[in-house]
Amino acid sequence: MPPFSVPSPQVSNSCLKRNLYKDQVATIRTDHGTTDWFKIGKGVRQGWILSPYLFNLYGEHIMRCAGLDESKAGVKISGRNINNLRYADDTTLMAESEEELRSLITKVKEENAKAGLQLNVKKTKIMATKPIDNWQIEGENVEAVTDFIFLGAKITADADCSQEIRRRLLLGRRAMDNLDKILKSRDITLATKVCIVKAMVFPIVTYGCESWTIRKAERRKRDAFELWCWRKILRVPWTARRSNQSILQEIMPGCSLEGRILEAKLKYFGHIMKRQESLEKIMMLGKMEGKRKRGRPRARWMDGILEGPGLTLKELGTVTADRELWRGVVHEVTKSRKRLNE
C-alpha cells in the first residue's frame, strides 16, 4: 500500500484484508453435490463491499507503473493529455498516431504480465478516424473496427450519435413487442399501460442520452417512435386518420420523450459544472488542438444545452452554482416540452 500513501492507522486494516485472501479455498455446488475444495490464487471475493475498491487499486497500480500519466502520447484537451479511460476491467487507450498507440499498448501489456494479468488480444479492438489494416501487437493480429459497443452504447469512428439513437429506438420497439400481451389486455387501465411504457420502454430508449447530440432527423424519429407507442396502446393503426394531438389528448402522457432526454442532459450538465476539477468538466468545456474541416460546422453537444434554457455558458455557470435555482430552471425547461413537435 505505500505507493498510494495509505495512512499508518490503516496498515493494520490492510494486513487484515491480506489475511482474508491468504490460503483461501472454495468449492462448487451442483445438482449432484459439491466438488472437492480447491485453492484460489487470483480474483476478489464476489459480493464483498471492498472488492471493487481492491480491483480499482490493482488497476491503478498497473497504470502508474506503466507510466501513462507521464507519457506524452494521448489526446490533448485544454492542455491536458488524456490517454486512457477505465471502467472496471474495460480499458480504453487513446493516441494521435499508430506509433503512440502501439507504445501505450506495449507498456500496459508488460505491466499486466508483471501483475499476473494477461491482455486478451481477441477481445481488443482498434478504432481510428482513418482506415487502418493489418494492425498487430507483438505478432498477433488486432481487429480494426469502425464502431463498437462500449458500456452499452455504440461508439463510432466519426463520433456521430445517429447510429446509437436509431439502435436505441429499435431496442425500444422490441421492448414494446415483448409487452404486447400486457398492452392489449382489456383488464389493465389506460393509465397503467402508460406508466408501464414509461417505466419499461422509455428507460431503454434513453439509456446514455446524456451524451447525445440530437439533430432534426433524429428528433423526427424520436417523436415518431413516441407516437407509435401511444397509438399501439390505443390500438390505432397508422392508416386511421387521427391527428397526433387527438392521440396525445387521450393518452395525457405529461412530459414528452423529448423533455425526458433534455432533462437528463441538463441534470448531467449541472452535476458536472458543480465540480471544481474533474476530467468530465475538462472534456465538456475544453477545446481540442487543431483545425476542423472546411464546410458547415457540425452540431455540438453544448449547442443543445444552451438552446434549452436560452442562456449563455457564463450565465449557466452562475445558475448551476445555486442548486435550487438550477432545479427550477430544469423544471421550467422540461415542462415546456410536454407536447411533441408538430
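How many residues has helix H2, and what does H2 reach from its first C-alpha to its last? Helix H2 (residues 51-66) has 16 residues and reaches 23 Å between those two atoms, close to the 22 Å expected at 1.5 Å a residue. The expected span of a helix is 1.5 Å times one less than its number of residues. Helices (H or I, at least four residues) and strands (E, at least two) are DSSP runs, numbered from the N terminus.

The structure is a predicted model, in which local features need pLDDT of at least 70 and side-chain atom pairs count only at pLDDT 80 or more, while totals for chains, interfaces and linings use all residues. Residues are numbered from 1 along each chain as its sequence is written, and side-chain values use heavy atoms, with hydrogens and water left out.

The protein chain contains 14 helices and 13 strands. Its C-alpha trace spans about 70 × 65 × 50 Å along the principal axes. Of the 342 residues in the chain, 32% are buried; here buried means under 20% relative accessible area, exposed means over 50%, and partly exposed lies in between (1.4 Å probe, protein chains only). The domain assignment gives domain 1 (50-145), domain 2 (161-253) and domain 3 (260-284 + 299-336), with bounds that come from an automatic or database domain assignment. Between the C-alpha centres of domain 1 and domain 3 there is a distance of 32 Å.

After H2 comes Gly67, with a positive phi near 75°.

Trp326, Val329, Val330, Val333 and Thr334 are buried in H14. Because these buried residues fall within an arc of 120° when seen down the axis, they line one face of the helix.

Two residues other than glycine have a positive phi. Arg235, with phi of about 60°, is placed in the loop between H8 and helix H9 (244-251). Arg235 is partly exposed, its relative accessible area being 43%. Met252, with phi near 55°, is found in the loop between H9 and H10. At 54% relative accessibility, Met252 counts as exposed.

Grid points are joined across faces, edges and corners, and a volume is the space filled by probe spheres set on the points.

A search of the whole structure finds one cavity of 30 Å³ or more. The largest cavity holds about 40 Å³ of space. Its lining consists of Ile165, Leu169, Val205, Trp212, Ile214, Arg222, Leu257 and Ile261. Helix H4 (162-178) and H10 are the elements that give two or more residues to this lining. By class, the lining of the cavity has seven nonpolar, no polar and one charged residues; Ala, Val, Leu, Ile, Met, Phe, Trp, Tyr, Cys and Pro count as nonpolar, Asp, Glu, Lys and Arg as charged, and the others, Gly among them, as polar.

The second largest pocket contains about 510 Å³ of space. It is lined by 21 residues, of which Ile214, Arg215, Lys216, Arg219 and Glu307 lie nearest its centre. Two or more lining residues come from each of helix H8 (216-234), helix H10 (257-273) and helix H12 (301-307). The lining of this pocket has six nonpolar, three polar and 12 charged residues. Domain 2 and domain 3 each supply at least three residues to it.

Key. 1 Å grid on protein atoms, 1.4 Å probe; cavity = no way out; pocket = protein on both sides within 12 Å on 5 of 7 lines; lining within 4 Å. Arc of directions from axis to C-beta.
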